Amino acid sequence: MPGTVYSQPIGVAMPAETSDAVIRGKLTITNSDQAAVNVEAETAENWVAGDDNYYYYNGKLSAGGSVDFVTSVTVPKSLTNIDANKTYAISVQIEAIQFANGAAAEVWTTAPTDWVSSYGSGTIA
């Protein structure tokens, strides 16, 4: 049902053999016709929504670290009764990039400016 909210905790864990990293994530729902729509989510603490449909984590993760990402997802209100009998899949996309040397500021050019200043620059303000 469009607008329905489902409690769906999702976490992110960093591999044990990795460098400190900053992360971002997004959720997409795809139907059996391969039509994709971004999903609105209620995030855990310390995440900020960007204008690029990504959520950015306010902090850095170290090797073996983990953090909660999403607490619930909302079925897009753009779906209609025509979509009711289709099969849907929710995809979670998490991206990580090294914290050092401001890599995120160079690669994630659509990230929120305040986030880049605080975390994407390779130093925590």
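## Contacts, rings and a pocket in a predicted model

Apart from residues up to four places away in sequence, Asn 53 touches Gly 25, Lys 26 and Asn 38, where contact means heavy atoms within 4.5 Å. This is a predicted model, in which local features need pLDDT of at least 70, side-chain atom pairs count only at pLDDT 80 or more, and totals for chains, interfaces and linings use all residues. Residues are numbered from 1 along each chain as its sequence is written, and side-chain values use heavy atoms, with hydrogens and water left out.

Asn 53 belongs to the loop between β5 (47–49) and β6 (55–57); strands (E, at least two residues) and helices (H or I, at least four) are DSSP runs, numbered from the N terminus. Its C-alpha atom is separated by 7.1 Å from that of Asn 38, and the two residues are 15 residues apart along the chain. Thr 28, in strand β2 (residues 21–31), also contacts Asn 38, along with Ala 36, Val 37, Val 39, Ala 89, Ile 90 and Ser 91, leaving aside neighbours within four places in sequence.

Accessibility is given here as relative accessible area: buried is under 20%, exposed over 50%, and partly exposed in between (1.4 Å probe, protein chains only).

| Residue | Relative accessible area | Class |
|---|---|---|
| Thr 28 | 15% | buried |
| Asn 53 | 40% | partly exposed |
| Asn 46 | 43% | partly exposed |
| Asn 101 | 67% | exposed |

Two of the asparagines have a positive phi. Most residues other than glycine have a negative phi. For Asn 46, in the loop between β4 (40–43) and β5, phi is near 75 degrees. For Asn 101, in the loop between β8 and α1 (103–107), phi is near 65 degrees.

The whole structure contains eight aromatic pairs. Rings of Phe, Tyr and Trp (its six-membered ring) pair if their centres lie within 6.5 Å; planes under 30 degrees apart count as stacked, over 60 as edge-to-face and the rest as tilted. The pair of Tyr 54 and Tyr 56 is tilted because the planes stand at 55 degrees, with the ring centres 6.4 Å apart. Trp 115 and Tyr 119 also make a tilted pair, 6.4 Å centre to centre and with 40 degrees between the planes. These two residues are four apart in helix α2 (residues 113–120), so about one helical turn separates them. Both Tyr 54 and Tyr 56 are buried, and both Trp 115 and Tyr 119 are buried. Ring pairs join Tyr 54, Tyr 56, Trp 108, Trp 115 and Tyr 119 into a cluster.

The charged end of Arg 24 sits over the ring of Tyr 54, 3.7 Å from the ring centre. A charge sits over a ring if NZ of Lys or CZ of Arg is within 6 Å of the ring centre and within 35 degrees of the ring normal.

The largest pocket has a volume of about 200 Å³. On a 1 Å grid over the protein atoms alone, a pocket is an open set of points where a 1.4 Å probe fits, with protein on both sides within 12 Å along at least five of seven lines; lining residues have an atom within 4 Å of a point. The volume is the space filled by probe spheres set on the points. Of the 14 lining residues, Met 1, Pro 2, Val 75, Leu 79 and Tyr 88 lie nearest the centre of the largest pocket. Strands β7 (66–74) and β8 (88–98) each supply at least two residues of this lining. By class, the lining has 10 nonpolar residues, three polar and one charged. Ala, Val, Leu, Ile, Met, Phe, Trp, Tyr, Cys and Pro count as nonpolar, Asp, Glu, Lys and Arg as charged, and the others, Gly among them, as polar.
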